[in-house]
Amino acid sequence: MTAQKPSSISVSMPTGRFAPSPTGPLHYGSLLAAVASYLNIRAQNGTWLVRIDDLDPPREMAGAASDILHTLESFGLHWDRDIVYQSRRLRAYDEALKMLQKKELIYPCSCSRKDIVKRGESVYAGHCRNGHNTAQKHYAIRIKVPQQTLSWSDMIQGPQSASLFQDYGDFIVRRADGLHAYHLAVVLDDANQGITESIRGADLLPSTSAQMYLQQVLDIKPPQYAHIPVAVNSFGEKLSKQSGAAPVSMRDPARTLFKMLRDLGQQPPHDLETCSIFDILHWGEKNWDLQKISAGKTL
Ligand SMILES: [Zn+2]
């Protein structure tokens, strides 16, 4: 008699997330990513989560996290499960670093940005792989990347490929100031929360290959990625705190949501514009079509 093999098929429930950094109030572009991710998951009866990516205290603004959550609620974007805060997950990031160290994939580097530029490198070419300048008190931790081309398909932007060593170089997983790097945290958190679909702004498209490499070496199944066009100002700059973007207006959430459906290519009927946020979101869920979103990088 042969023992029955355990079934290896696991069907994971569609799970998405919105993961803002609490650096200031939400602007139109960041809320647009939240709405896209929310509708995409609700259309599949899945689970939608909110995570606060508060990994970088010097960039954060007091009260921003609760302000962001209040904005999401005002637009009818209600999340499932408790909010996860990256600042409470530092132990998990350290565990992963230990694992990478055991695999001899990471190394200390005390090169400054200036040093890298002086060497004429467009990306970090592995200068400290065989030892770093130990006279420097502060050093970052970098991960070795192989000469490997990663290919994947973005649900909106289509086929993608990137050469890790040429396009990315050995990248930082822990910064010289001791903070964990965003790539490491986001990969571990998405895995921990069971995220199956990551919808975010196209400005993050280039970072996908680095994150996929981390998933590879940490034995994590990557979520499916979809990058929506980012909202820009009249100078073509991405809306952000740095480019002076205004917080999203709370005066007329329904009209803003209607405009967002249009910006996401969903073609809502005109008479929906005067409906409640509940009706607009409901229409968005029922008629959601990811393929209608423009594959452009900007709106
Ligand atoms: Zn170095």
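Where does D219 lie? D219 sits in the loop that links helix 7 to strand 10. This is a predicted model. D219 follows helix 7. Its phi is positive, about 60 degrees, although D219 is not a glycine. Most residues other than glycine have a negative phi. D219 counts as exposed because 8 other C-beta atoms lie within 10 Å, and the cut-off for exposed is 12 or fewer.

Q267 also has a positive phi without being a glycine, here about 50 degrees. Its place is the loop between helix 8 and helix 9. Q267 is exposed, with 10 other C-beta atoms within 10 Å.

## Helix 7

Helix 7 covers residues 208-217. Its buried residues are T208, S209, A210, Q211, Y213 and L214. What do the buried residues of helix 7 pack against? Their partners are strand 6 (149-154), strand 7 (158-163), helix 5 (164-168), strand 8 (171-174), helix 6 and strand 10.

## Helix 3 against helix 6

Helix 3 spans residues 90-102, and helix 6 spans residues 182-192. Their axes come within 10 Å and cross at roughly 110 degrees. The two helices are therefore roughly perpendicular to each other.

Which residues meet here? Helix 3 brings A92, Y93 and A96. Helix 6 brings L184, A185, L188 and N192. By class, this contact has 6 nonpolar residues, 1 polar residue and no charged ones.

## The nonpolar cores

The largest nonpolar core holds 41 residues. L32, A34, V35, A36, I228 and L257 touch the most other members. At least two residues of this core come from each of helix 1 (28-42), strand 2 (47-52), helix 2 (64-74), strand 10 (224-228), helix 8 (253-263) and helix 9 (277-286). Helix 1 supplies the largest share, 9 residues.

L257 touches V35, F75, I277, I280 and L281, leaving aside residues up to four places away in sequence. Another core, of 26 residues, lies apart from the largest one. Its members include I172, Y182, V187 and A210.

## The two sides of helix 9

I280, L281 and G284 are buried in helix 9. They cover an arc of only 95 degrees around the axis, so they are on the same side of helix 9. Which residues are exposed on the other side of helix 9? F278 and K286 are exposed there.

The cover over the buried residues of helix 9 includes helix 1 and helix 8.

T196 is in the loop between helix 6 and strand 9 (197-201). Is T196 buried or exposed? T196 is buried, because 20 other C-beta atoms lie within 10 Å and the cut-off is 20 or more. T196 touches S12, P14, T15, P223 and Q224, not counting residues up to four places away in sequence. From T196 to K297 is 101 residues in sequence and 22 Å in space, C-alpha to C-alpha.

D115 belongs to helix 4 (residues 113-118). D115 is partly exposed, with 15 other C-beta atoms within 10 Å. D115 and P57 are 58 residues apart along the chain, and 26 Å separates their C-alpha atoms.

Definitions and conventions. Residues numbered from 1 in each chain as written. Predicted model: local features only at pLDDT ≥ 70, side-chain atom pairs only at ≥ 80, totals over all residues. Axes fitted to C-alpha atoms, helices over the stretch in contact; angles between N-to-C directions. Helix = DSSP H or I, 4+ residues; strand = E, 2+ residues; numbered from the N terminus. Parallel < 35°, antiparallel > 145°, perpendicular 65-115°, else oblique. Contact = placed C-beta atoms within 7 Å. Nonpolar A, V, L, I, M, F, W, Y, C, P; charged D, E, K, R; others polar. Core = buried A, V, L, I, M, F, W, Y, C linked by C-beta atoms within 7 Å. Arc of directions from axis to C-beta.
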